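Subject: Handing over a structure, with notes

Dear colleague,

Please find below the structure that I am passing on to you.

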Amino acid sequence: MSRIQYYSISYHYFDKKPNLMIKETTIALLLGVLVLSCESNTYEPERQFEDIQQQLLSQFILAEDSTVIELPEGQFIFNNSLILDGKKHVTIRGKGMDRTVLSFKGQQEGAEGIRVANCTAITIEDLAIEDAAGDNIKITDTDGVTIRRVRSAWTGKVSEKNGAYGLYPVICKNVLIEDCEVLGASDAGIYVGQSEDVIIRNNKTWWNVAGIESENSENVEIYGNTAYNNTGGILVFDLPGLTRYGKNIRVYNNEVYENNLANFAPPGNIVGVVPKGTGMIVLATEGVEVYNNKIRDNKTIGVAIISYELVAAISAEGEASEGEGSAQTVNNNYKEDKNYNPFPRRIYVHDNEISSSYILPALNNDFGKLFLFNFGFSLPDIAWDGIRAPEYFAEDGTVNPEYMICIQEGEGVKTTDLDAANDFDKLETNPDIFKCKP
Amino acid sequence: MKQVLVLLIVGSLLSCGAKHEQEKSLSPDAKSVVWQMPDTATYARVGKTKLSDYGFFKGKLANLEPTDRVFPYDINTPLFTDYALKKRFIYLPEGTEITYNEEDVLEFPVGAVLIKNFYYSHEQLEAGTGKILETRLLIHEESGWKALPYLWDPEQTEAYLEITGRQMSVKLASGIGVAYAVPNMQQCKSCHDIGGKIVPIGPSARQLNKVHEEGIENQLAQLVAMGWLKEAPAQDQWPLLVNWEDGSASLKDRARAYLEINCAHCHRKDGPAKNSGLDLTRNAAASTMGVFKAPVAAGKGSGGLKYDIVPGKPDKSILIYRMESNDPAIMMPELGRSIVHKEGVELIKEWVRGME
């Protein structure tokens, strides 16, 4: 779309002003823009594939406990997932993320590139993995996961046809993901779900819908990461109907900037609700501390703290317009899960550097419009949807400590309670309302 | 100048759009065409390298004529695997017994082997005679169940252990081309997994509660009479899973039976897909079996739809979208088929259409 616009503008321009100097400068500029606009979202490394599928499959299957599977330097293509199941202390090691490449381009069977299930102490390191049909690396039901110096990518132009997750441990314990690079995931680059005792550190993620996402996980440390050019930088989510719920999460010392990529998640996925220009979202989780992060130039919001009620309302709105289902049904569905609490609680956001040089939010979403409408050119940096749990107030009218939302930032960081439950009636921007410590 | 400019711009447009066609050797797909002898020397440490080594069958192996301790059975509603037919057997060691179980798969003693042969009949194939493609064994050892796939040679004289799986193209008489996939040893467990352990899926009391298609007596009754099955209650108390094709059964029971055998081995509380929160066992409550349930990690498997099942609207239901796909990133089940099961999809559509 934008390319065509550039083209027509330029053409028009020259007709009117036949000045050679201007022309050439403009040409250079235009071409520059064109080249940037495509190259900035396209990853096309050169590849010459070899086929070692049979040998490697055999190695994976026959791997005994404490095996190190050493992968040679080279670029290898597979039409089927590589599966490790029921193994202990196995390491899969390449010669470096630029030297050992496993590609699943055109995969015919299985949805994952590497799939690990029911294992203990598995390490995957020093390799690149590309273009799996679904998730590049999925690890499930495993105690002890290390993913280190792995580049997980989808090649070509960033697209909703890309797989969902770059690195995806789910229902795992003792997870370490470090020094990885993840790009191109149509859901989350690094996604840890329904897991316990997790460290995600010193990774770089870009061109994903969500850079890093912790979902329904407990005891999670997310630090030292760089999340940029995603739709949303770092997400901490709790979703209903799952095997376990999240709490006790710390997000610190991360750099989260320019997450202004258009959301390219296939509709129907929860990350599809993330507006472009989002630094961080904390959704419905208990005990989240966000501090010492550098969050800048995310067009729509630096940090959003929201409840699942808001998400349900947004989905219900979409439905009403499509004339199917009803808000009531959606609400009831998550309310049926008695173990699920849709409200963010014991949230503590403090000592972050948050700024944005953008005057306007991204306007392709309700939040952006809402912010512009309510705040004009003075956009908030941190917003709480303000939807309060029934238990939010204790009997004496004070805030129930279990439900506190506390924000303590330096001067110039703008905070707001949106009061979204009441049509923003009591929208509040006085930072004092968040002065507490859980 | 104008033309040059246009050319330049168009050129740069093209250079972003065009794919680098440098991948000379693309996916290794057609390797199945030529028969390749499995690496039996390496595989010997995994298990017996030939099917005949077990002595399950007498006479010509391909006739699958069972020996004394081998019992043929079939089940009410089978898994769809590209229209392949199956001949199933239980091998039970002398002096051992199977224990009845009301809900789960029957409890097989150590030493028991479940034998499942996948074949296409003469009538099903476009050319040549019928052929057995593979035989899968589930062997109950002291340490648990072990799954081993055996690949039949083209002459149909022997089946060889092949742990890395195989793809073969099969042309059906109906004109449908099948990319039949023999699973690799790890893939077996992608389905045969409860709580991280390999388990059989088919032979539950409710699946076995039927007369064998070539027999005259109820299979469970036979097992009891033979003294192979203990602790079974009276026949009128045996549960029954309906045959998904049985038009006299209720639509709901047929649909739930179909989903149970095709989906619920993973989509159950303790199965490999428990992370999705979707439970397709036949008695799961509406919300957990997908009614207005939003997907959790479906990726493009959502197909742009919001819920697994929207009552009355099969075309808005992710469940059906994924059953109708052949894309490995979208299709469900993930393994076991390369083509869409039209008749199965029709059944589930009809059921969803009638849901309120």
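Chain B contains eight helices and 14 strands, where helices (H or I, at least four residues) and strands (E, at least two) are DSSP runs, numbered from the N terminus. You are looking at a predicted model, in which local features need pLDDT of at least 70 and side-chain atom pairs count only at pLDDT 80 or more, while totals for chains, interfaces and linings use all residues. Residues are numbered from 1 along each chain as its sequence is written, and chains are lettered from A and ligands numbered from 1 in the order in which they are written.

On confidence, the predictor assigns the complex an ipTM of 0.81 and a pTM of 0.86. Chain B has a mean pLDDT of 90, with 90% of its residues at 70 or more; pLDDT is the predictor's confidence in each residue, from 0 to 100. Two residues are taken to be in contact if their C-beta atoms, placed from the backbone, lie within 7 Å.

Chain B

Taken along the principal axes, the C-alpha atoms of chain B fill a box of roughly 95 × 55 × 40 Å. Of the 356 residues in chain B, 42% are buried, a residue being buried if 20 or more other C-beta atoms lie within 10 Å of its own, exposed if 12 or fewer, and partly exposed in between, with C-beta atoms placed from the backbone. Among the contacts in chain B with a separation of 6 or more, 52% are between residues 24 or more positions apart.

Chain B is divided into domain 1 (30-236) and domain 2 (243-353), with bounds that come from an automatic or database domain assignment. The C-alpha centres of these two domains of chain B lie 25 Å apart, and 20 residues of domain 1 are in contact with 18 residues of domain 2. On the side of domain 1 of chain B that touches domain 2, β11 (177-182), α3 (185-191) and β12 (193-194) each supply at least two residues, and β11(B) gives the largest share, four residues. The residues of that side divide into twelve nonpolar, six polar and two charged; here Ala, Val, Leu, Ile, Met, Phe, Trp, Tyr, Cys and Pro count as nonpolar, Asp, Glu, Lys and Arg as charged, and the others, Gly among them, as polar.

Chain B also holds an open sheet of six strands in the order β3-β4-β6-β7-β8-β9, with antiparallel pairing; two strands pair if DSSP finds at least two bridges between them. At its edges stand β3 (70-73) and β9 (159-161) of chain B, each with a single partner strand, so one side of each is left without a neighbour in the sheet. Strand β8 (residues 144-152) of chain B pairs with β9(B) in the antiparallel sense over three bridges, and the bridge partner of Y150(B) in β9(B) is L161(B).

Chain A

Chain A has six helices and 32 strands, and 50% of its 438 residues are buried.

Strand β6(A) pairs in the parallel sense with β3 (residues 74-77) of chain A over four bridges and with β8 (residues 120-130) of chain A over three bridges.

Finally, F60(A) lies in helix α3 (residues 53-62) of chain A and counts as buried because it has 26 C-beta neighbours inside 10 Å. Leaving aside neighbours within four places in sequence, F60(A) is in contact with I69(A), L82(A), I83(A), L84(A) and Q186(B).

With best wishes
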